[in-house]
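The structure comes first, then the notes by topic.

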Amino acid sequence: MAKGLLVTYALWAFGGPVGLHHLYLGRDSHALLWMLTLGGGGLGWLWEFWKLPSFVAQANRTQGQKQRPGEGRPPLSLLRFAGQMIVGIYFGLVALISLSSMANFYIVGLPLAVGLGVLLVAAVGNQTSDSKKTLGAAFLISPVFYGRPIAILPISLAASITAQKHRRYKASVESETISVRLYHLGLAYLAFTGPLAYSVLCNTAATLSYMAETLGSFLSWFSFFPLLGRLMESVFLLPCRIWWLLVGDPGFNTRQFQEWEKLYEFVDSFQDEKRRLAYQVLGLPEGATNEEIHRSYYDLVKVWHPDHNRHQTEKAQRHFLEIQAAYEVLSQPKKPRASWG
């Protein structure tokens, strides 16, 4: 049955953020992506307004005659590559928050989560990629950054490059009934949200605390790229800003959004807290000058260097590492506080 443009726009308007229009057009991967990201944070959903006619035309053109593998190759898309990177990182962050306590998480759980996020974007529309090679690239990179959350970035990059290298058109398959498609989508949705929901409901305080630490650590990776860092902060704050826009009041009236507020306040003050602790380690008042920081650092290094404390090596090593970490924190320029207004 041919797909109608008016029906597609109606579904886009009333259920777009959860992918109803993509489900109608048979774009199940795109529908799942929108379900898990709420329409790409709302931005992807709005951007699609201009793309719906081409989506409908593609659905009608390819119904029952999808291109065979090997018949040409999809053009390289920087937008799709960026989407693979972002969704791979997003899946990795969710896995860090909900699954990091599992054994061998950084070897199995993290690369699998990031790789599946990349493959989900690769499968949007009439394209797909080689899942074995994409996941293989993710698993090969993960041991290099074992135990560090920053592993999400190189894993997502390697998987995205591999997915783009092996991109191809989807093979022709028999169309499934809507009930079977909904069943598959439901399983995939539960697999993604189940562990996170369990962590939030059964251990709310610990999950929020770990979420704050994870986001704070993630934002600190962009300290050398201020514009990109501000963009990521804006993405994280988007749910709050949408809420304010809808209710017209920046206050949080429900317990759920009070938790959101606490979470983002923690992330926003994460760097400030580290600086306060760093001043304490160096024995300086807050706001000390760079000259005072350098002088205190070199004085303490001389006192606590392990070579000068053979009789208390373990204690000296601990103090020496604390002094170095504190000096590194205070040597970086202080990040401006993000505006909530």
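Rings of Phe, Tyr and Trp (its six-membered ring) pair if their centres lie within 6.5 Å; planes under 30 degrees apart count as stacked, over 60 as edge-to-face and the rest as tilted. By ring pairs, Tyr9, Trp12, Trp45, Phe49 and Trp50 are linked into a cluster. The model is predicted: local features need pLDDT of at least 70, side-chain atom pairs count only at pLDDT 80 or more, and totals for chains, interfaces and linings use all residues. Residues are numbered from 1 along each chain as its sequence is written, and side-chain values use heavy atoms, with hydrogens and water left out.

**Aromatic pairs**

- The whole structure holds 11 aromatic pairs.
- One of them joins phenylalanine 91 and phenylalanine 192, a tilted pair with 4.8 Å centre to centre and 50 degrees between the planes.
- Phenylalanine 91 is in helix α6 (residues 78–99) and phenylalanine 192 in helix α10 (residues 178–202), so the pair ties together parts 101 residues apart in sequence. Helices (H or I, at least four residues) are DSSP runs, numbered from the N terminus.
- Phenylalanine 91 is buried at 9% relative accessibility, and phenylalanine 192 is buried at 13%. Buried means under 20% relative accessible area, exposed over 50%, and partly exposed in between (1.4 Å probe, protein chains only).
- The rings of phenylalanine 105 and tyrosine 106 form an edge-to-face pair, because their planes are at 80 degrees, with centres 5.2 Å apart. Both residues, phenylalanine 105 and tyrosine 106, are buried.

**Charges over rings**

- A charge sits over a ring if NZ of Lys or CZ of Arg is within 6 Å of the ring centre and within 35 degrees of the ring normal.
- Lysine 3 lies over the face of tyrosine 24, 4.9 Å from the ring centre.
- Arginine 27 has its charged end over the ring of phenylalanine 55, 4.0 Å from the centre.

**Serine 160**

- Serine 160 belongs to helix α9 (residues 152–165) and is buried, with a relative accessible area of 0%.
- Apart from neighbours within four places in sequence, serine 160 contacts Phe81, Gln84, Met85 and Val118 (heavy atoms within 4.5 Å).

**Nonpolar surface patch**

- Ile107, Val108, Leu112, Leu116, Phe139 and Tyr146 form a nonpolar patch on the surface, with about 480 Å² of accessible area together (Shrake-Rupley method, 1.4 Å probe).
- Patch residues have over 30% relative accessible area and no salt bridge, and nonpolar side chains (Val, Leu, Ile, Met, Phe, Trp, Tyr) are joined within 5 Å. A salt bridge is a side-chain nitrogen of Lys or Arg within 4 Å of a carboxyl oxygen of Asp or Glu.
- Helix α7 (residues 105–122) gives the largest share of the patch, 4 residues.
- Leucine 112 is in helix α7 and is partly exposed at 34% relative accessibility.

Note on methods
Helix = DSSP H or I, 4+ residues; strand = E, 2+ residues; numbered from the N terminus. Patch = residues over 30% accessible without salt bridge, like charges linked within 9 Å, V, L, I, M, F, W, Y side chains within 5 Å.
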